[in-house]
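Okay everyone, thanks for coming.

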Amino acid sequence: MIRLRSVSKLDYEGLDEDSLIKLMKNRMLYTIGQEPKHANNRAWYTALTYVVRDRLLDRLYASIKEYQKNDRKRVYYLSLEFLVGRMLQNNLLNLNADIECNSAAMRLGLKLEQLRDIEPDAALGNGGLGRLAACFLDSMASMGIPGFGYGIRYEYGMFNQRIEDGYQVEHPENWLRYGNPWEIAHPDVLYPVRFNGRIESYQDPSGRVHHVWKDTEDVMAMAYDLLIPGYRNNRVNLLRLWSAKSSRDFDLGYFNKGNYIQAVEEKTASENLSKVLYPDDTTEMGKTLRLKQEYFFVSAALQDIIHQFTQQHDNFKDLPNKIAIQLNDTHPAIAIPELMRLLMDEYKLEWAESWSLCVKTFSYTNHTLMPEALELWPITLFEKLLPRHTQIILEINRRFLQEVSESYPNDNEKLMRMSIIDERGTRKIRMANLAVLGSHSVNGVSRIHTELIKNSMFKDFHQFYPGRFINVTNGINPRRWLKLINPKLSELVTNYIGGEWITNLNLLHNLTYYLGKKKLVSDFLSIKHENKQNLAALIKKHLAIEVNPDSLFDVHIKRFHEYKRQLLNVLHVISIFNRIIDNPNQNITPRTVIISGKAAPGYKLAKLIIKLINDVALVINNHPVACEKLKLVFIPNYDVSTAGDIIPAADLSQQISMAGTEASGTGNMKLALNGALTIGTLDGANIEIQEQVGKENIFIFGLKTEETQHLLNGQYRPKDYMRNNPELARVIDQIEEGYFSPDDVNRFHPIVDALTRSDPYLVMADFTSYVECQKKVETLYNNPKEWARKAILNISAMGYFSADRTIGEYAKKIWKV
């Protein structure tokens, strides 16, 4: 633990009640510019944020000083997404100031919960990739690892999802409308990022060839820092986000001629780089912007990393001993040729040494088995935007293929598969292949995922570099995902086993010693019911839908994609609806199905599935009989805070992707940690969850990975499953014939066509098994004490899925810190 100097009660490190009140009032007067008696909640939230930020800054300075004094090796985590969520309560929790701050707020006539709700979710990511990155930063700080994140300060982030007439409609997510008091702007930390231009090459008298990148169009990258505190250890690390600034404010010539739009056109175009997360890349303009974004943040990050390195070291041979750079998926893979360019062109190192340093410094995490997510860039686009990097990539590829051909002479097929350049049709750069080549370690994020990338996706590379591929199963941050979002369950756990579990999640196993105590089971059920009442109240307030807290809360919260099979879920919901209306007196377990998630703006079928869910919900929720036993709720604009509202209330966790498609998943871990039982396929981390909790404490259904591959490689006929299952056939017919869309009977034909003609994610094949498994869920739910016992067993088995364990493995196996 870092020791801070001794301070007086009202020093800037003071976190007691009196200090907080005094400092909040001072901030209100001298920073916000308002008298406390006239201030509203937003002003108080901002004042409190500045007070807490001051405490974090003091600890940051102490942390950086310790890192520099001991010349600690640093980890730099490059990610296009960081879903940090709301920061106020997380920072108070990690500073051990949550209780004092709540008391101080009450003495000022405020409610801390209301101040918390003022803060928007930082719109810096989309789904699991960004949330994982945020968990990892928290764990690195909590474990005392000098770990720093680099990303983009998106002005509008992903998008704000609204449901209008059942459809997803995207609106700008203007999360910076009122500024962000947590961030620290650094106008002095500014790096040029270059695009386009041409390469001029010349040979010096010694025979060395030099390459000069000329006539470029430059954008400036300006740093904004967010402070990442460790859990009660006085350690604070940084997340540095880059914002695009124009190298020229406006053209005075155009301005003087009265052409005001042209005068600021270059500034506007430059600063668009950091406006929006994941622009629609179905257009050439969108593709260009996406590639420019990726290079923009990577170039700025590497310039910053090297600047910090050279402040303490004068020999680049030390680079891999003092720096580890983790590529979070393929988006930052352009960092590899960028570091090569900097080392060779700016610092005049030779190719062999530069390449050796690159490989020893970089490591790459693959997060997906979906081919479309592996990134292929047309070489013509790459060459235009980044001409020097194209040269470097082609040279990396030439040298690599020469190595491969020496080991596998006359195997042209292997050469084509392993090449960084896809020569089929329009030549493209395979960024995943580049990431594998330029990294000393490549990891999957669950055991099955790692085996799949070794034996299918990167099989040739695994044979060529057998020691390069390892597994590091994902994990989650227990501070946020249990202690913060579910305080009463957290308190219950602490009452039985003590509070050390917060930093050593394996201690949750000790809960099993108390399973015989009836009070533990009854208290768990009471807390779960209260959480369900809280969520029911939110659903009624925001969606005007009344749900029964005594019903089974069946939760499916994920980014929308066909492979995640929200469609399978809604087919099952319709089948329950049919059973109810066919026999209203049938004994059916009351169920509230809760679905939330966003679809990519250009993903038409996923957006149509959202419309189907809302149309089905409209019919079910307004049916005079069915609505008593079944409700379907779509909660819009899923984000970290929404997850924090839903997860503590969940009874059942839907993890139903087709086996062999989900890399890991972390929602499965968060829900299980909060006492939800899992229904899922043997996919991603579900397999390891089953191993930890036991087969009897999880609901597994469906085809296994080898079975799905066999079926898809053979003669899969989805309609056969309809013919053999009247229940399924009826559901499909209802959708096709417009039962849920009487105003437009053809509306959902694309969904029916996808299911009955190709069904690439085997929804039809797994339907029967899924329905049968759901019946087992109902049977168990009707035995509350046994359900609770299994839920507590799930909680007790989640120790392995702590992000602290995950980061410990990265530190030992990959980063060597």
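So, how many bridges join strand 21 to strand 22 (residues 699-700)? There are 2, and the strands run parallel. Before we go on, this is a predicted model, where local features need pLDDT of at least 70, side-chain atom pairs count only at pLDDT 80 or more, and totals for chains, interfaces and linings use all residues. Residues are numbered from 1 along each chain as its sequence is written, and side-chain values use heavy atoms, with hydrogens and water left out.

A word on terms: strands (E, at least two residues) and helices (H or I, at least four) are DSSP runs, numbered from the N terminus. Strands pair if DSSP finds at least two bridges between them.

Strand 21 covers residues 677-680. On one side, G680 has I700 of strand 22 as its bridge partner. Strand 20 (residues 652-655) pairs with strand 21 as well, also parallel, over 4 bridges, and there Q655 sits opposite G680.

Strand 20, helix 26 (residues 667-673) and strand 21 form a right-handed β-α-β unit; right-handed means that, with the strands pointing away from you, the path from the first strand over the helix to the second goes clockwise. Strand 21, helix 27 (residues 686-693) and strand 22 form a right-handed one too.

And which way do the residues of strand 21 point? L677 and I679 go one way, T678 and G680 the other, and all are buried, meaning under 20% relative accessible area with a 1.4 Å probe, protein chains only.

Key:
Buried < 20%, exposed > 50% of the residue type's maximum accessible area, 1.4 Å probe, protein only.
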